[in-house]
Amino acid sequence: LAVDVSDASGTPIPKTFYGIFFEEINHAGAGGLWAELVSNRGFEAGGPNIPSNIDPWAIIGNELTIYVSTDRTSCFERNKLAVRLEVLCDSEGDNICPADGVGIYNPGFWGMNIEQGKKYKVIFYVRSTGAINLKVSLTDSSGVVKIASTDIKASASDVSNWTKVETLLEANQTNHNARLQFTTTSKGVIWLDQVSAMPTDTYKGHGFRSDLAQMVADIKPSFMRFPGGCFVEGEWLRNAFRWKETVGPWEERPGHFGDVWMYWTDDGLGYFEFLQLAEDLGTLPIWVFNNGISHNDEVDPSAILPFVQEALDGIEFARGDPTSKWGRFRAAMGHPEPFNLKYVAIGNEDCGKKNYQGNYLRFYNAIKSAYPDIQIISNCDASSRPLSHPADFYDYHVYTNANDMFSRAQVFKGASRDGGPKAFVSEYAVTGKDAGTGSLLAAIAEAGFLVGLEKNSDIVHMISYAPLFVNTNDRRWNPDAIVFNSFQSYGTPSYWVQRFFSESSGATLLNSSLQTTTSSLVASAISWQDSADQKNYIRIKVVNFGSTSVNLKISIGGLDLNSVGLGGATKTVLTSANVMDENSFSQPKKVAPMQSALQTAGKDMNVTLPPHSFSSFDILKI
Ligand code: AHR
């Protein structure tokens, strides 16, 4: 492998090159990155029906002690349902309540993770026909062991109207499968609504689960595409993600049922929070909005204007002046400064749909005329034929087997370079039996693909893997980059590959040529300045997709040794004993990069590439 590190040989890789795609799939957000512990906090999961579906809330008590129902008496206009507890037993008399009381509990998303010494802010709304004496507690999954609790007492006049209660609970022990419960031993009727329990130590204080947010931050994403995916489209338009329903005070959000991935979200993680997350991660937000098309129904271009206005309003919400209508709304939510929204995608995977072109043009023209600097992403792939409409980017998605993914390292070689739209590879992953739930084989094939994309970074400007997250209690899609449950998380081998490639965003691509008879090797080289130590490095990445090890000679040319030398070097290898090896909660780093000093560093180096491996050689320039 000959690598030319002279300044003249380099070409810049876009700063936006590697990012992430966050979709609300697999409970990635609700019950995942969004740290809210209560599931179905407004008792709304059944939609506007009575009786609604209070699942996963459950009743403590029996038909002799408590009667639980829902009604439409909430003080919140957009989510009228509240839960009504009619307590039939009492602390004295004929029908004595059990000592621990009766009431309801919420087990969260497959158990709440409560950690000793940590504080949890519990907020709820309550109303009653009489005085209340409510115990609010975090307990183990049986309700017997109390982890934290407080008594809320109020007179009848204090709670005759809806009253907000806020309390802080400190855990006296750790339990990964805890629940939140409301109990009483007093007869009467109590309504509850909009119940929230949040850890107080969220990522940057903005409500994101810290361990998961940190795993994303470690990828150093340069952009964040959100919130889907199919989640944006819906099976039916009535169930699509519509941003206006997800902003404003959390208590007032109606929530919605995502009918593609088949679960309810309270939309605590709404449009504002996505923009906030992008900002907290230091990435550029890329908003994908619904373009009037779902999987099964479409709005005709002649009737699309309300959707166009909704998109324009969404852009104004993100970046409008605080004196504008939607900019003011954002400012009222605590963010007077505009968010850095510069990219939007018109729909997701809708190119072949009947109304796509017609709708697209209406969105495109309206957005470009109001916001000429906004970069617009089309769903239509232009890697092999020109687009029939204007766009700044075209979207490219690929889910395939390992061999095919590896061979696609060359896919953009023949793409048009006539000054038209650039490519955004916004979803890629090896899937199917080659991938399992995240294999080494998948990761190596993807690494080969990414090497090819880097070499075509004149036309490919953005890349993100999909999906980003899976909660193991709701695997809707395999594989995924980050796997978690209520308290644990690990990265799949594909996650580790992404971490490795992130330095390429904004780096210089160096000329490299591989002379080999095997088609199972690909390589690329970059030079970059590490922001951590401000030093300059050369990184040579080589993928050996074959099943035998390969000896490779790497020659570094183009160095002006009068002014530049080579310092220490490290080798990092991602491989494993078996090509189908995966990580797991018990072995989270079974397949993870191993770093060692490279003894033979110099202008000429002989290295060995293990079978099915990804290797990176980092050399300090001094
Ligand atoms: O990443 C999972 C799904 O794959 C996305 O929702 C969709 O865009 C694609 O079909």
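**Helix packing and the ligand shell**

In this predicted model, α8 crosses α9 in a right-handed sense. The two elements span residues 440-455 for helix α8 and residues 493-501 for helix α9, and they pack at an angle of about 30° with their axes 8 Å apart. Since angles under 35 degrees count as roughly parallel, α8 is therefore roughly parallel to α9. On the α8 side, the contact is formed by Leu440, Ala442, Ala443, Glu446, Ala447 and Leu450, while α9 contributes Pro493, Ser494, Trp496, Val497 and Phe501. By class, the residues of this contact of α8 with α9 comprise nine nonpolar, one polar and one charged.

A further helix pair is formed by α4 (residues 305-319) and α6 (residues 356-370), which pack at an angle of about 35° with their axes 10 Å apart. The crossing of α4 and α6 is right-handed. In α4, Val308, Ala311, Leu312 and Ile315 meet Arg362, Phe363, Ala366, Ile367 and Ala370 of α6. The contact of α4 with α6 holds eight nonpolar residues, no polar residues and one charged residue.

Attention may now turn to the ligand. Its surroundings consist of Glu23, Ile25, Gly228, Gly229, Cys230, Asn348, Glu349, Glu427, Ala466, Pro467 and Trp477. In the shell around the ligand, five residues are nonpolar, three are polar and three are charged.

Methods: Residues numbered from 1 in each chain as written. Predicted model: local features only at pLDDT ≥ 70, side-chain atom pairs only at ≥ 80, totals over all residues. Axes fitted to C-alpha atoms, helices over the stretch in contact; angles between N-to-C directions. Helix = DSSP H or I, 4+ residues; strand = E, 2+ residues; numbered from the N terminus. Parallel < 35°, antiparallel > 145°, perpendicular 65-115°, else oblique. Left-handed = near helix turned anticlockwise from the far one by under 90°. Contact = placed C-beta atoms within 7 Å. Nonpolar A, V, L, I, M, F, W, Y, C, P; charged D, E, K, R; others polar. Near = placed C-beta within 6 Å.
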